[in-house]
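Subject: Structure for your review

Dear colleague,

Please find below the structure that I am handing over to you. I would be grateful if you could read the findings alongside the coordinates.

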Amino acid sequence: MKCDFIESPNKVSRTEKITAIIIHYTATLSLQSTLSWFLNPGAKVSAHYVISRDGRVVQMVKDSDVAWHAGKSFFNGRTGVNQFSIGIELSATATSGFTEDQMSSLEQLLLELIRKYEIPITSIVGHQDIAPGRKVDPGSLFDWFRIRKFLTEKNKCADLS
Ligand SMILES: [Zn+2]
C-alpha cells in the first residue's frame, strides 16, 4: 500500500518478535501536529504508523524498531507491550469518530501486517485494553466488528479451506 516514511527519533532497536498490534487515536484531527510531536525528541513518544482523516498512511518507525506508543502496559501475561507490538495511531478524538478513508486504509494496513508477521486477529487490541484505567483510546466509536470481519474474510484461502 502507498505509505510515506518520515522517521521519528523516538525509537530503539527491537529484540522481540512482533506478536501484537495496538490501535490508538491521537486526540487531535491534525496529522501535521502528530507528525511534529513524534518528530520531537523531547516528546519521547512515537508510533509505527499514523493514519490521517483522509486515509494517508505515514510510517514513522520501522517495524524492526520499537516505537514508544504503549507506555506502562500489559497484554497476554506480559508487560512492556512496546517491545513486541506495532503501534498504529488514527487522527481522531474521543468524539470525532473515524472516517471511511481512514478505516479502509487501516483495514489494508492491518491485513498486510497480520500476513507478514502472522499475528492473530485476536492480538489486535486497543490502547485502552492494555492500559485500562489509564488510557481510553481508541474508544467506543471505534468499529472493532468491522475490522475483525474484514480481516477474517480477507485472510482466508479461497481454495484451501
Ligand atoms: Zn494511545
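This is a predicted model: local features need pLDDT of at least 70, side-chain atom pairs count only at pLDDT 80 or more; totals for chains, interfaces and linings use all residues.

Metal site

The zinc ion is held by three residues: H24 and H127, each through ND1, and D137 through OD, at 2.0 to 2.1 Å. Along the sequence these donors follow the pattern H-x102-H-x9-D. Because H24 belongs to strand β3 and H127 to helix α3 (residues 127-130), the pair ties together parts that lie 103 residues apart in sequence. Both H24 and H127 are buried.

Threonine 26

T26 sits in the loop that runs between β3 and α1 (31-39). Is T26 buried or exposed? Its relative accessibility is 17%, and the cut-off for buried is under 20%, so T26 counts as buried. Leaving out residues up to four places away in sequence, T26 touches T34, E89, L90, S91 and A92.

Helix α1

At the start of α1, a side-chain oxygen of S30 comes to within 3.4 Å of the backbone nitrogen of Q32. Within the helix, L31, T34, L35 and F38 are buried. These residues cover an arc of only 100° around the axis and are therefore on the same side of α1. In general, an α-helix has 3.6 residues a turn, so residues three or four places apart point the same way. The elements that cover the buried residues of α1 include β4, β5 (57-59) and β9.

Nonpolar cores

The largest nonpolar core has 26 residues, of which I21, I23, I88, L106, L110 and F142 touch the most other members. At least two residues of this core come from each of β3 (20-25), β4 (49-51), β9 (85-90), α2 (100-117) and α4 (144-154). The greatest contribution is that of α2, with seven residues. As for F142, its contacts are I23, L90, F98, M103, L106 and I147, when neighbours within four places in sequence are set aside.

Yours sincerely

Key
Residues are numbered from 1 along each chain as its sequence is written. Side-chain values use heavy atoms; hydrogens and water are left out. A nonpolar core is a set of buried Ala, Val, Leu, Ile, Met, Phe, Trp, Tyr and Cys residues joined through side-chain atoms within 4.5 Å. Buried means under 20% relative accessible area, exposed over 50%, partly exposed in between (1.4 Å probe, protein chains only). Helices (H or I, at least four residues) and strands (E, at least two) are DSSP runs, numbered from the N terminus. Contact means heavy atoms within 4.5 Å. Donors are N, O and S atoms within 2.8 Å of the metal (3.2 Å for Na, K and Ca); water is not among the atoms, so sites may look incomplete. The arc is that of the directions from the helix axis to the C-beta atoms. A polar contact is a pair of N or O atoms within 3.5 Å; within protein, one must be able to donate a hydrogen and the other to accept it, and residues adjacent in sequence count only if both atoms are side-chain atoms.
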